[in-house]
Amino acid sequence: MTVREQSGREVLEIVHRALRGLDRREWGDYRAAFADRLHLDYSSWRPDSIGWWTADDWVARVGGGFINDCDATQHSVSNPLISQDGDHVVLECEVRAMHVLETQWLELGGTYTWRFARAGDAPGDGRWLADGLALAIRWRLGNPDLPALAAARTAGA
């Protein structure tokens, strides 16, 4: 197995574990995917979700927001393309994200781009951690008002 193949397998597993943690509300598993600071671009979802964040702040925002307000979510990724960018590994994949509230739903589709760096100081040290994450939404199906409905239900609980 080549270094690139090994790195690709490692980052795919990290993404799958992170998304499983997200859907199961296991925030420690979601947080484990990220370096302490990361550059985010979720502006296709929320215009103010772009720029540098601490991973803890990002996980707190996700865990205290729309995802947590839903009854269930399911994030699935497919068609991964893995490339090397200097000392970084970049994973680009398609994403489908289903969000359910009682009998209503909102599904989003688009592209995730995850950028990974080694956690250790020396090349080859440590495990890969995401220091960049971008979501480019290309389509939406279902109730576009679901985020507001979910937030209102949580606020009224």
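**A walk across the sheet**

Before going on, a word on the model: it is predicted, so local features need pLDDT of at least 70 and side-chain atom pairs count only at pLDDT 80 or more, while totals for chains, interfaces and linings use all residues. Residues are numbered from 1 along each chain as its sequence is written, and side-chain values use heavy atoms, with hydrogens and water left out.

When I say strand or helix, I mean a DSSP run, numbered from the N terminus: E and at least two residues for strands, H or I and at least four residues for helices. Two strands count as paired if DSSP finds at least two bridges between them.

Back to that first spot. S4 and S5 run antiparallel, joined by 13 bridges. Their hairpin has 2 residues between the strands, and Glu102 there takes a positive phi near 55°. On to S3 and S4: these are antiparallel too, with 12 bridges joining them, and Gln84 stands opposite Val89 in S4. This hairpin also has 2 residues between its strands, and here Gly86 takes a positive phi near 65°.

So how do the strands line up overall? There are 6 of them in an open sheet, in the order S2-S1-S6-S5-S4-S3, with mixed pairing. S2 (50–54) and S3 (72–85) are the edge strands; each has a single partner, so one side of each is left without a neighbour in the sheet. From one strand to the next, the twist averages 20°. Angles here run from 0 to 180 degrees between N-to-C directions, and the axes are lines fitted to C-alpha atoms, for helices over the stretch in contact.

Over at the S2 end, S1 (residues 34–41) runs antiparallel to S2, with 5 bridges. Leu38 has Trp53 as its partner in S2, and His39 stands opposite Trp52. On its other pairing, S1 meets S6 (residues 128–142) in the parallel sense over 4 bridges, and Asp41 is partnered there by Ala134.

What touches S1 and S2 from among the helices? Helix H3 (residues 55–63) packs on the sheet there, with its direction at about 105° to that of S2. Contact, by the way, means heavy atoms within 4.5 Å. Helix H5 (residues 146–156) also packs on the sheet, touching S4 (88–101) and S5 (104–118), at about 65° to the direction of S4.

Next, the rings. Rings of Phe, Tyr and Trp (its six-membered ring) pair if their centres lie within 6.5 Å; planes under 30 degrees apart are stacked, over 60 edge-to-face, and the rest tilted. That rule gives 9 aromatic pairs. One of them is Tyr42 with Trp58, edge-to-face at 5.0 Å centre to centre and 65° between the planes. Tyr42 is in the loop between S1 and S2 and Trp58 is in H3, so this pair ties together parts 16 residues apart in sequence.

Last stop, the largest pocket. Of its 22 lining residues, the closest to the centre are Tyr42, Trp45, Val62, Ile67 and His99. (A pocket is an open set of points on a 1 Å grid over the protein atoms alone, where a 1.4 Å probe fits, with protein on both sides within 12 Å along at least five of seven lines; lining residues have an atom within 4 Å of a point.) S5 gives the most to this lining, with 4 residues.
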